[in-house]
Amino acid sequence: MTSSTTSTTGPAPIYPPIISNITPVTSLCNTTGGVAITVIGQYFGSSSSAIDMRIVGVRCSSINIIVPQFIFVCISPPGTGLHNSITHFRIGGLSPSSSSSPFNISSFSLSHYPPIISAVSNGTTTAGGLITIFGYNFGQRDTSIDSIFIGSLRCLSPQLANHRSVVCTLPPALPDDSVIMKVNITVDCQDNSGDVDDVIFTYATIVLVAVSFGDPKLD
């Protein structure tokens, strides 16, 4: 067998693919993805466009056929959480032969690092005020954010800017809340409890300023 550059076109496979091995079978990465996954087997064809492998429903990218019919490499997509599996594998529309494949595709597991908070924007006392939380491994979908807490206050309506920042709406401080509060985030059942240093949010204090309008005049 000789190596080959990737082709996006080629004859459609006529036999169901057989998977002999996938490496790495387990791995850990950032929520941006980017793990190079090597798939070894038979009847993979010679067209990268015919290969459709998805991890938790998201298609792997940058498919590169190393040896036509036998080996290809793809890059894991962005994701969140632990123990992500291959949920879809097709070559030219054909599924792997479970009776012929020596590798059990369900043994593949891709996990992601938990979120890390590095900083938070300045405090606010305004109900409905927005704050921005900065860090790593927040994911790329708003629905991946399970919760954000500022002390005991739940920050509402989180919206991701990217994997490294999220904006949420802060309720007003409650009387029994500390002025200085720890920030916590949970992404797809993983929280930032492993942070080296706690990130603290401080409510801005309301300062009442006396304004003099001069002595009242009596008629």
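Strand 11 (residues 129–136) and strand 15 (residues 165–170) pair in the antiparallel sense over six bridges. This is a predicted model, where local features need pLDDT of at least 70 and side-chain atom pairs count only at pLDDT 80 or more, while totals for chains, interfaces and linings use all residues. Residues are numbered from 1 along each chain as its sequence is written, and side-chain values use heavy atoms, without hydrogens and water.

Me: What makes strand 11 and strand 15 a pair?
Reply: Two strands pair if DSSP finds at least two bridges between them. Strand 11 and strand 15 have six bridges, so they count as a pair. Within this pairing, Ile 131 has Cys 168 in strand 15 as its bridge partner.

Me: Why are strand 10 and strand 14 called edge strands?
Reply: The open sheet has four strands in the order 10-11-15-14, with antiparallel pairing. Strand 10 (116–120) and strand 14 (156–162) each pair on one side only.

Me: How do you know that strand 2 and strand 9 pair?
Reply: Strand 2 (residues 26–29) and strand 9 (residues 109–112) share four bridges in the parallel sense. The requirement is at least two, so they pair. Leu 28 has Ser 111 in strand 9 as its bridge partner.

Me: Why is Ile 14 called exposed?
Reply: Exposed means over 50% relative accessible area (1.4 Å probe, protein chains only), buried under 20%, and partly exposed in between. Ile 14 has 67%, so it is exposed. Ile 14 is found in the segment before strand 1 (18–23).
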